[in-house]
Amino acid sequence: DNPQEYLKSLVEKVQTHKLIKLHLSSEIKSVSGHVGHFESEIRNSKLEIRNIEHGVVIVATGGVESKPTEYLYGENDRVITQTQLEAKLKTQNSKLKTIVMIQCVGSRTEERPYCSRICCTQAIKNALKLKEMNPETEVYILYRDMRTYGFREDYYYKAREAGVIFIR
């Protein structure tokens, strides 16, 4: 499936739905109440403060790819992020013989003790693409805990069948 097309249709549905009120570029100042009956104070980009009553709130803060400081990232052009690898795979055919992917770089530490929930799946999808382009490419994924949530578990099994090597 094309995720960009799906995202575009989903955004359009949300923006035009009569029961959904979007408050873009806004800051939540306070929230009180309980499930089904909340009262919130929000400040918009014009610094106007509004009080709203609502049954549900979805806070979408956005996300930014982490740029590591470890493993020579930014110092050696052979060290790239999964997002950078994905972009390269879209525009050029891989002639690489061996690829090593290191998971959880810069996370699962005291400073960032959480799992982002997307890195493992992206690594596996990139590994499958590399194997599709050239089945002889050796792909190793070094991981702490392989986390492919829900239906994405199928990617893990496909990658194992394709010859991707997982090393804990």
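The buried residues of helix α2 are Gln 82, Leu 85 and Leu 89. They span an arc of only 55° around the axis, so they sit on the same side of α2. The face turned away from that buried side carries the exposed residues Lys 90 and Thr 91. This is a predicted model, and side-chain atom pairs count only at pLDDT 80 or more.

What do the buried residues of α2 pack against? Their partners are strand β4 (98-102) and helix α3.

The α3 side can be described in detail. Helix α2 covers residues 82-91 and helix α3 covers residues 119-133. Their axes come within 10 Å and cross at roughly 30°. Angles under 35 degrees count as roughly parallel, so α2 is roughly parallel to α3. The crossing is left-handed.

From α2, the contact uses Gln 82, Thr 83, Leu 85, Glu 86 and Leu 89. From α3, it uses Gln 122, Ala 123, Asn 126, Lys 129, Leu 130 and Met 133. By type, the residues of this contact divide into five nonpolar, four polar and two charged.

## Asn 126

Asn 126 lies in helix α3. Is Asn 126 buried or exposed? Its relative accessibility is 3%. Buried means under 20%, so Asn 126 counts as buried.

Which residues does Asn 126 touch, leaving aside its neighbours within four places in sequence? Gln 82, Leu 85, Glu 86, Leu 89 and Met 101 are in contact with Asn 126. Gln 82, Leu 85 and Leu 89 are also the buried residues of α2.

Most residues other than glycine have a negative phi.

| Residue | Phi | Loop | Relative accessibility |
|---|---|---|---|
| Leu 72 | about 65° | between β3 and α2 | 46% |

At a relative accessible area of 46%, Leu 72 is partly exposed. The loop that holds Leu 72 runs between β3 and α2.

Technical notes
Residues are numbered from 1 along each chain as its sequence is written. This is a predicted model: local features need pLDDT of at least 70, side-chain atom pairs count only at pLDDT 80 or more; totals for chains, interfaces and linings use all residues. Side-chain values use heavy atoms; hydrogens and water are left out. Axes are lines fitted to C-alpha atoms, for helices over the stretch in contact, and angles run from 0 to 180 degrees between N-to-C directions. Helices (H or I, at least four residues) and strands (E, at least two) are DSSP runs, numbered from the N terminus. Angles under 35 degrees count as roughly parallel, over 145 as roughly antiparallel, 65 to 115 as roughly perpendicular and the rest as oblique. A crossing is left-handed if the near helix is turned anticlockwise from the far one by less than a right angle, and right-handed if clockwise. Contact means heavy atoms within 4.5 Å. Ala, Val, Leu, Ile, Met, Phe, Trp, Tyr, Cys and Pro count as nonpolar, Asp, Glu, Lys and Arg as charged, and the others, Gly among them, as polar. Buried means under 20% relative accessible area, exposed over 50%, partly exposed in between (1.4 Å probe, protein chains only). The arc is that of the directions from the helix axis to the C-beta atoms.
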